[in-house]
Every structure is written in C-alpha cells, then in structure tokens.
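Hello,

Here is the model I promised to pass on to you.

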Amino acid sequence: MNDLFIDVDYHQRFKSGQKIAGDVFLQSRDSTSCQIVCTLSDGLGSGVKANVLANLTAHMAHKLSFSPMHLGKSAKIIMNTLPVCSERKISYATFTIADIRYADKDAITVQLIEYDNPPAFHFSHSEAVSIATTSIELHREGAFKQEIIRQSSFTLRMGDRLVMFTDGVTQSGMGTHFPLGWRRSGVCSHISRLIAGNPDISSRELSGAITGKAYSLDGMDAKDDITCAVVYVRKPRRTLVVTGPPFTKERDADLVRKIESFEGKKIVSGGTTAQIVSRLMEKRVSVDLSSWSPGVPPASKMDGLDLVTEGMLTLGKVATCLEQKIPTNSMPNDAVRRYVSLLMDSDQVHFIVGTKINEAHQDPNIPVEIGIRRTIMGRIRKALEEQYLKETVLEYM
Amino acid sequence: MGQKKIKVKICVGTACFVQGGADLLLYEDFLDPHLLGLCEFEGTSCLDACKRDAVGLKAPFVEVDGKLYSEMTPRKLSEILKEAAHVGG
C-alpha cells in the first residue's frame with residue numbers, strides 16, 4: 001500500500017437566495033497514471049445561469065487538461081464556446097486547473113493554470129510558500145478585456161497543501177467588516193492560523209472552516225457564491241479489520257502478531273476471533289451491554305483495539321449501510337454506526353479474513369442472512385473501493 | 001444485606017443472538033426490579049457451548065453463577081434467577 005495519500009475535498013456556500021451554486025468544483029483521479037485533476041470555475045452572475053457557465057467551463061477545462069493540446073488554445077476554445085449572458089452581453093467564466101502527478105512520492109508535481117480566480121495558495125504546514133508564475137496573454141478575437149492566464153508549476157511534499165478559492169471568499173465582508181473585503185492577505189493569515197491550531201486538519205474541515213469564516217464575514221448572508229477547495233498531501237489513515245479465526249490453530253499467534261504490529265486503528269469482528277485475540281494478547285474482552293439495537297449485537301471493549309464486535313450480523317449490516325450510503329448520524333448508536341464511522345475516517349483498509357468454518361452457523365435454524373464471511377467481506381470491500389474511493393487490501397488466513 | 005450478587009452471563013455471539021439471545025438483552029424490562037438488583041449482568045462473545053454439538057444443547061446460552069443453561073427464554077431466565085435468589089437469600 002502507498003505511504004502517501006492525497007486528500008482532496010471542497011466546501012461551498014451558495015449566494016444568499018440561490019438554490020444552486022454559480023461555482024463548480026470537479027476532481028478526478030486516475031490511479032494508473034497517478035494523476036489527479038481538480039478544476040474550479042466561477043460563472044458570471046449567480047444561480048442557474050452562472051452554474052451553466054461554470055459547469056461548461058469546468059468540464060471543458062477538465063477534459064482538455066487530459067489532452068496534449070496547448071494550453072492557450074484550450075483556453076481560447078473554452079472562452080469561444082461559452083454562451084453570452086443576456087444582461088451583460090459577454091461570455092465569461094473563471095477557472096483554476098490543478099494537474100497533480102504523484103508518480104514520484106517524494107515530489108508531487110503540480111501544474112497550476114489560473115484565469116481570473118484569486119491566485120491559489122501553497123502551504124507547507126502552516127507557512128505560505130510563494131508560487132512563481134508566468135503570464136500568457138491570449139489575444140483572442142472578440143475579447144472584451146485583456147485576457148491573461150497565469151501558469152505555474154511547483155512540487156508538493158508531505159504535509160503540503162494547495163488551497164484554491166473563488167472571489168466569494170476574498171470579497172467576503174466587503175463594505176461591512178473591511179472596505180475591500182477579506183482580501184487574499186486576510187485569507188492567507190486565517191488559513192495559517194487554522195493549520196497551526198490543528199496541523200492535521202483534513203481537506204474537508206479546512207475548506208469548511210474557510211467558507212464558514214467568509215460566510216460569517218458576509219453576515220450569514222452570502223453576497224456571492226463562496227467556494228474553497230483543498231488538496232492535502234499526508235500519510236494515509238489506516239484501519240485493520242480482522243474477522244474469523246485462521247484456518248488452522250497454529251496460525252492464531254501469527255494473526256495476533258499482525259494485529260499488534262499494525263499501525264492504525266484496529267477492529268476485530270467475531271466472538272471466536274475476539275476470544276483468540278483476547279487469550280493471546282492477555283487482555284480481557286468486556287461486552288458493552290448498553291449499545292445495541294435489534295439485529296446488531298452489542299460491541300465489546302478491549303485494550304489495544306479500537307472496536308470489537310460480533311461477526312456476521314454486524315458485518316452484514318455494515319455492508320448494507322455502506323452500499324446504501326446511509327449517513328452515520330441517522331444510524332442508531334450501535335456497533336454498526338461505530339464500525340462505519342471508523343471505515344469512513346480511513347483512507348486504507350486492510351482486511352484479514354480467517355477461513356475457518358464456524359460449526360455453530362451450520363444449524364438449519366439460523367437465518368440465511370448469516371451469509372458466508374468471504375461474500376460479505378467482498379461486498380464491504382467493493383463498496384469501500386467503488387463508492388468511497390478507499391484503498392483496500394484483502395488477506396486470507 | 002451484604003448478599004453476594006448473582007452473576008449472569010448472556011451470550012451475544014451470532015448464533016445465540018439470532019436464536020433468541022437478543023430478547024434476553026432486554027432483561028431490564030422483563031425482570032422484577034427487586035430481582036434485577038440482586039443480579040450482575042455481563043455479556044460474553046461466546047460461551048463455547050454452541051460448538052460442543054455432542055452435548056446436544058441449543059442456543060441461546062446463559063451462564064448463571066458458573067452454571068450453563070441452554071435454550072434460554074426471558075420467562076425461563078426469570079424463573080432460574082428467582083430460584084437462585086431464593087437459595088442465596
């Protein structure tokens with residue numbers, strides 16, 4: 001598994017009174033070519049019209065950045081294609097494209113292309129790093145203003161962040177708190193404080209904190225769409241899931257050694273498995289009779305493990321919740337909720353599945369929902385990979 | 001009183017939970033409050049009884065003061081505990 005994870009997320013608030021954003025953020029990952037492309041576009045005006053302009057721009061920019069075409073030509077195509085605003089008689093949308101290549105783990109290269117969005121920030125931990133840019137003038141026929149594209153390339157290392165935002169952020173509080181709005185310098189020092197206060201702040205939380213601040217500067221009545229996107233290079237958060245006893249008893253010790261040496265969160269599912277681990281690690285398992293719900297047996301506690309649960313019923317429910325994308329805050333307070341939350345908060349999940357057959361489950365009185373361990377683990381893995389873009393590894397024992 | 005509490009272990013393993021063990025976890029609702037005060041409840045992930053198929057016992061299993069009981073129901077548990085409390089008291 002990779003020792004590096006690129007966390008990309010964004011947060012957005014609509015202009016007051018609008019039900020749709022005029023800013024659009026797109027991201028796509030191509031794990032075979034180790035490439036991530038992020039595009040942020042702000043359409044002219046607000047509401048549906050701006051959303052159409054921004055969406056068109058973002059999608060074109062996104063697709064074109066995967067093609068070998070020259071950048072200036074791509075930008076011209078985008079601008080020529082945009083429909084003309086009926087009020088202002090011009091066609092216009094801004095964009096920022098970050099093309100991130102992470103084939104070399106020590107130096108992730110970023111190609112940044114910006115057109116009329118506030119310049120993005122590069123942070124190394126809580127310090128802002130200046131980005132050297134070159135400008136390209138477009139000289140497009142029918143242009144109503146000077147069109148300059150800023151281009152830069154730099155490298156990101158472990159702990160670095162790239163923060164992109166639209167003018168809704170820099171112009172927040174204009175005329176009330178600040179004569180000219182929050183401005184780039186204000187945004188920069190705020191981000192620096194946020195990171196210094198919480199060095200491991202996730203992209204989701206950081207982008208949310210920035211748009212939240214901008215929104216409050218606007219007096220909870222956003223004057224423009226406010227969007228912020230963050231790219232964060234960090235160590236992956238790992239979780240180990242152990243379920244089922246190993247096929248032969250001799251491998252029990254092996255399993256426990258793997259659990260002990262694993263760095264990250266640890267979950268053990270299954271009564272028998274928990275007993276093996278408890279016996280070999282010489283730690284007591286205590287069942288927490290307060291948190292259970294019909295269909296989900298109570299979870300247990302054990303020193304050195306983050307969660308100990310029953311096996312097949314809990315796992316079956318976890319698989320269903322993941323597949324149906326049920327939000328954790330709508331789940332009852334039981335083992336499944338804690339299980340799903342732990343998986344959601346990880347980037348890489350390592351499964352160790354024991355292949356020993358449980359004689360007690362062969363009773364014909366047992367409901368059919370108690371499926372085959374391997375099938376259920378397959379469902380969980382598929383959901384994590386396809387719906388949540390997590391990396392997973394499966395190992396049988 | 002200084003009476004020793006009756007130790008009750010309820011199995012919450014898969015096989016027991018689906019065959020009636022879940023009902024036993026509602027012990028606070030079906031047991032007499034006085035009796036409830038005399039007992040100490042604990043869950044356990046497996047009492048290892050389900051795998052001793054030669055014995056021919058069936059889930060769900062409960063252990064009361066170290067003694068194993070099979071095919072437990074709320075009514076049966078309540079009677080066993082009443083008896084235990086009577087003997088102990």
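Predicted model: local features only at pLDDT ≥ 70, side-chain atom pairs only at ≥ 80, totals over all residues.

Chain B has 89 residues, 45% of which count as buried. Taking its contacts between residues at least 6 apart in sequence, 66% join residues at least 24 apart. One backbone detail to look up in your viewer: the peptide bond from B:A59 to B:P60 is cis, with omega near -5 degrees. B:P60 sits in the loop between strand 2 (39-44) and strand 3 (62-64) of chain B. As background, most residues other than glycine have a negative phi, and most peptide bonds are trans.

Two residues of chain A go against the phi part of that background. A:D116, in the loop between strand 5 (108-115) and strand 6 (121-124) of chain A, has a phi near 65 degrees. A:H125, in the loop between strand 6 and strand 7 (127-129) of chain A, has a positive phi of about 50 degrees. Both are partly exposed: A:D116 has a relative accessible area of 36%, and A:H125 is at 48%.

Now to the helices of chain A. Helix 5 (residues 203-217) has 15 residues and spans 21 Å from its first C-alpha to its last, close to the 21 Å expected at 1.5 Å a residue. Which of its residues are buried? They are A:S203, A:L206, A:S207, A:I210, A:T211, A:A214 and A:L217. These residues cover an arc of only 125 degrees around the axis, so they lie on the same side of helix 5 of chain A. The reasoning behind such a pattern is simple: an α-helix has 3.6 residues a turn, so residues three or four places apart point the same way. The cover over the buried residues of helix 5 of chain A includes strand 1 (5-13), strand 10 (160-165), helix 3 (167-170), helix 4 (183-197) and strand 11 (226-234) of chain A. After helix 5 of chain A comes A:G219, with a positive phi near 70 degrees.

Helix 6 (residues 252-261) of chain A can be read in a similar way. Its buried residues are A:D252, A:L255, A:V256 and A:I259. They cover an arc of only 95 degrees around the axis, which puts them on the same side of helix 6 of chain A. The exposed residues A:R257 and A:S261 are on the face turned away from that buried side. Strand 12 (238-243), strand 13 (265-269), helix 7 (271-281) and strand 17 of chain A are among the elements that cover the buried residues of helix 6 of chain A.

Next, the cores. The largest nonpolar core has 27 residues, and A:L322, A:L343 and A:I380 touch the most other members. Helix 8 (312-323), helix 9 (335-344), strand 17 (348-353) and helix 10 (373-388) of chain A each supply at least two residues of this core. Leaving out residues up to four places away in sequence, A:I380 touches A:L315, A:V318, A:A319, A:L322, A:L343 and A:F351. A second, separate core of 25 residues includes A:V287, B:A22, B:I80 and B:L81.

A:P297 also has contacts in both chains. Beyond its neighbours within four places in sequence, A:P297 is in contact with residues including A:W292, A:L313, B:V12 and B:F17. A:P297 is buried, with a relative accessible area of 0%, and lies in the loop between strand 14 (286-287) and strand 15 (300-301) of chain A.

Finally, the open and closed spaces. The largest pocket has a volume of about 790 Å³. It is lined by 26 residues, of which A:D9, A:R204, A:M344, A:Y388 and A:K390 are the closest to its centre. Strand 1 of chain A gives the largest share of this lining, four residues. The largest cavity has a volume of about 40 Å³, and among the residues that line this cavity are A:M79, A:Y92, A:R140 and A:E147.

Conventions. Residues numbered from 1 in each chain as written. Chains lettered and ligands numbered in written order. Heavy atoms only, no water. Expected span 1.5 Å × (residues − 1). Buried < 20%, exposed > 50% of the residue type's maximum accessible area, 1.4 Å probe, protein only. Arc of directions from axis to C-beta. Contact = heavy atoms within 4.5 Å. Core = buried A, V, L, I, M, F, W, Y, C linked by side-chain atoms within 4.5 Å. 1 Å grid on protein atoms, 1.4 Å probe; cavity = no way out; pocket = protein on both sides within 12 Å on 5 of 7 lines; lining within 4 Å. Points joined across faces, edges and corners; volume = space filled by probe spheres on them.
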